[in-house]
Amino acid sequence: MPNKFSMKYYYKTTYWNETGPIFFFCGGEGRIEVFLNSTGWVDALAEQMNAIVVYAEHRYFGSSLPFGNKSYTKNSYTKYLSPHQAMADFAYLLTSLRAQYNNTKVVTFGGGYSGMISAWMRIKYANVVDGAVASSAPVNHFYGTVDPTEFYHIVTNDYQAVDPSCPAYIRTAYDYITNMTDYPTTYFNLTMLFETCYPIITPGDMFKLKK
């Protein structure tokens, strides 16, 4: 492992009033810009709370690559890709930021996997993190601990509560998309129907559409 690597992060001090907290968004499985551009509510809340806003990229994603372009080429490189290592990165960065900004309070944010990181940061680094917001974060959802299909049952029940026939319609749509994977001539029509950001060209694109 290199002695150090560059971790990308964005920060904004526009709202800070010398006493406000740091709102720290824990990056997840993707480029930090993806999270930055889809979680504007953190910025809106920061304006109300006179907070500094920080978005930090998770190691091995975006441009935060410990071994550069070779980061995914060897097991000896990828073994450093873990939530434990990512949390240590975030704690290191937060310690430095707090020293710069009056040892102010820190609240972490995240959703899904990054929400799990947010919650775990509060548990593991309670000396650095004062509070955590974990949206849609299955903190204890691990193999062997809960029914792995439980989430899907809950979502299905939500749709059924709105309209009892809704789950059946969704299943039919999924079956249709699955069947159309073998017929590339339908891809253009599906692109138009779903107004996808990029054209559906390959079976891999169809798989992404289903997700």
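**The largest pocket and beyond**

Reply: By class, seven nonpolar, two polar and three charged residues line the largest pocket. In this scheme Ala, Val, Leu, Ile, Met, Phe, Trp, Tyr, Cys and Pro are nonpolar, Asp, Glu, Lys and Arg are charged, and the others, Gly among them, are polar. Bear in mind that this is a predicted model, where local features need pLDDT of at least 70 and side-chain atom pairs count only at pLDDT 80 or more, while totals for chains, interfaces and linings use all residues. Residues are numbered from 1 along each chain as its sequence is written, and side-chain values use heavy atoms, with hydrogens and water left out.

A pocket here is an open set of points on a 1 Å grid over the protein atoms alone, where a 1.4 Å probe fits and protein lies on both sides within 12 Å along at least five of seven lines; lining residues have an atom within 4 Å of a point. The space in the largest pocket comes to about 400 Å³, a volume being what probe spheres set on the points fill, with points joined across faces, edges and corners. Helix 6 (150-162) and helix 7 (166-180) each put at least two residues into the lining, and helix 6 gives the most, with six. Helices (H or I, at least four residues) and strands (E, at least two) are DSSP runs, numbered from the N terminus.

On to helix 9 (residues 203-210), where you'll find Pro203. Leaving out residues up to four places away in sequence, Pro203 touches Thr181 and Tyr187, contact meaning heavy atoms within 4.5 Å. Pro203 and Thr181 sit 22 residues apart in sequence, with 5.8 Å from C-alpha to C-alpha.

Now for the whole chain: there are nine helices and five strands. The five strands make an open, mixed sheet in the order 1-3-2-4-5, with strand 1 (9-12) and strand 5 (131-135) as the edges, each pairing on one side only. Pairing needs at least two DSSP bridges between two strands. Strand 2 (residues 22-26) runs parallel to strand 4 (residues 106-111) over four bridges, and Phe25 stands opposite Phe109 in strand 4. Strand 4 also pairs in the parallel sense with strand 5, over five bridges; there, Gly111 has Ser135 as its bridge partner.

Helices pack on this sheet too. Helix 2 (residues 40-49) touches strand 1, strand 2, strand 3 (52-56), strand 4 and strand 5, its direction making about 170 degrees with that of strand 2. Helix 5 (residues 113-124) lies across strand 2, strand 4 and strand 5, at about 155 degrees to strand 4. Those angles run from 0 to 180 degrees between N-to-C directions, using lines fitted to C-alpha atoms, for helices over the stretch in contact.
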